[in-house]
Amino acid sequence: MNRISKSQLAALMLIGDVFALCCLHGRICLMTAIGFAAGSLIQLFLALPLARLCDRGKTPADCGRAVRVLLLVCVLAWGGALFAMLREASSVIYIPYERSGLFGRLAVAGLVALVCVYVSSSGIKALARSAVIAAGLGALCVATVVVSAAIQSDADNVLRPAGSSLWRELMRGFAASGGLGSFTVLLGFIADDRTDTAALYFTCKAVLSFVILFTAAVVTGGIMDVLEFPVVSAAQLSQPFPVQRTDSLFLVVFSVFAVYTVAVQASAAEYLAALTIPRLKRFRCTLALVIMAALGAVMPAPSEWTELSAAAVLAALLIVPAEAMLKGGVRRRERA
Amino acid sequence: MKGLRFVPALMAAGLLTGCASDGNVSDKSYLRAAVIGADSVTMSFFSEEDEPVTVSADSPEEARSAAELSGGKKIFTGYTELVILDGCDSADTLGFMLNEWKVSPSCIVACPRGSGAELLSTRTAEELEGAVRVAQEQELLGRCDIVTVLGGLLGRDGAAEVPELSRDGYVGKKSIQ
């Protein structure tokens, strides 16, 4: 079985989280940053039973068929949501062929899927190793934008009221965390202590979410009404280089993160499909990508089904410990 | 057979090189400054070969299309340094500039004293921008970049302060709504 380290898993998952933040739709404010960070810490608390179970040797491979099917559905649905988010966010990122109508959009999705097939074919270990490099470059870009925003932007922007509550932002944070289905799967691949891994990942996620959303609120707070994707606009407008926007540089980072995020879902789906449908021996990854792309073409982005997405995330985190608890309860009754 | 694994990567790399994209630098006119009026737009460009052009249009995008037809070159707006608002809807126009024309966030927003089209034909964009920057250095004027001005227009007061320009350069500040 492929084994990955905790930093590799954290890199894989954080890339997906940053991509989901980039595709965040609607107004953001200081409360959004607090809500997402608090949501990440709540997710850590909810993930601890799962991590402890994995430390005791129980992974999704040992779960019942129903649990594996539910996880597979969550992973495929989130993959579809990623394609939907990519489709919507593409309208504000200058992609040369995207403006060519339907052909452009299909070409963008098709290219991402094609590269994902290539990336996923080498296995989760190769994906995880390269993710550390991609995450490092992404962290450098985030740091550049943050420093530039701190120097040039108006800090009063963060205090502008946005008419939002902590509960609403917690829900949005959970809805944007659909990658936790694949986290549940990939935790079984960890060579290190799983509890430490969960603590590392969710802590980094809380800090990163707060920093990115806070920076976006500072840069775009005054013009939020005319922006659809404030995090994307913040990256484009922070202007670390004089005179010109950083659209091209941002496009490269955005594309790489899109590929990694989808590839992680495809790899997790491939693994679950191998366990759940043993008769399906070939083209599991390609089939998973086709299903995700098809779902992405028809489903709306998660911002339009926040509660359902948040519920799916909770289910993905809690289903394995819930099944273990039920099975343990049944065995105790049988012994009694 | 293992070599086939590299085929998708090579294809993707070929598609992503941008070789089939937007052509040479000399095929485009690079917009430096624009005067947006209620029913006309005046544009001046970085290259001295591209003369300032005034077109009648109800929107900046119509104006761009008309100017491209007139000049015979596509107009790239990403380097725009100065936007002069001369009777148009300020917030809508600046929002359009930021989202559709993708102008630089440091693009200066100003208003004319008199006719904006005449102003751009008598003074160069470089001179007008220079006047604004000197006024800022002398602390006669605060920030007047497009993000700051648009933020003021969309804020609680619905107003923002911009420099007022004439053929004498910077002549004062004006509040726009």
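First, the ground rules. This is a predicted model, where local features need pLDDT of at least 70, side-chain atom pairs count only at pLDDT 80 or more, and totals for chains, interfaces and linings use all residues. Residues are numbered from 1 along each chain as its sequence is written, and chains are lettered from A and ligands numbered from 1 in the order in which they are written.

Start with helix α5 of chain A, residues 124-152. Helices here are DSSP runs (H or I, at least four residues), numbered from the N terminus. How far apart are the end C-alpha atoms of α5(A)? They are 41 Å apart. That agrees with the 42 Å that its 29 residues should span at 1.5 Å a residue; the expected span is 1.5 Å times one less than the number of residues.

Several residues of α5(A) are buried, among them A:Ile124, A:Gly138, A:Cys141 and A:Val145. Buried means 20 or more other C-beta atoms within 10 Å of the residue's own, with C-beta atoms placed from the backbone.

Next, its partner. The axes of α5(A) and helix α8(A), residues 194-220, come within 10 Å and cross at roughly 40°. Axes are lines fitted to C-alpha atoms, over the stretch in contact, and angles run from 0 to 180 degrees between N-to-C directions. So α5(A) is oblique to α8(A); oblique is what remains after under 35 degrees (roughly parallel), over 145 (roughly antiparallel) and 65 to 115 (roughly perpendicular). On the α5(A) side, A:Val142, A:Val145, A:Val146 and A:Ala149 meet residues of α8(A) including A:Val211 and A:Ile212. Contact means C-beta atoms, placed from the backbone, within 7 Å.

Now α9(A), residues 230-237. Eight of its eight residues are buried.

On to helix α3(A), residues 65-89, which holds A:Phe83. Why is A:Phe83 buried? Because it has 26 C-beta neighbours inside 10 Å. Beyond four places in sequence, its contacts include A:Ala109 and A:Met292. A:Leu70 is also in α3(A). It has 20 such neighbours, so it counts as buried too. A:Leu70 touches A:Ile319, 249 residues away in sequence but 8.5 Å away, C-alpha to C-alpha.

Last, the core. The largest nonpolar core has 160 residues, and A:Val112 and B:Ile146 have the most contacts inside it. Its largest share, 15 residues, comes from α3(A). Such a core joins buried Ala, Val, Leu, Ile, Met, Phe, Trp, Tyr and Cys residues through C-beta atoms within 7 Å.

Notes
Helices (H or I, at least four residues) and strands (E, at least two) are DSSP runs, numbered from the N terminus. A residue is buried if 20 or more other C-beta atoms lie within 10 Å of its own, exposed if 12 or fewer, and partly exposed in between; C-beta atoms are placed from the backbone. Two residues are in contact if their C-beta atoms, placed from the backbone, lie within 7 Å.
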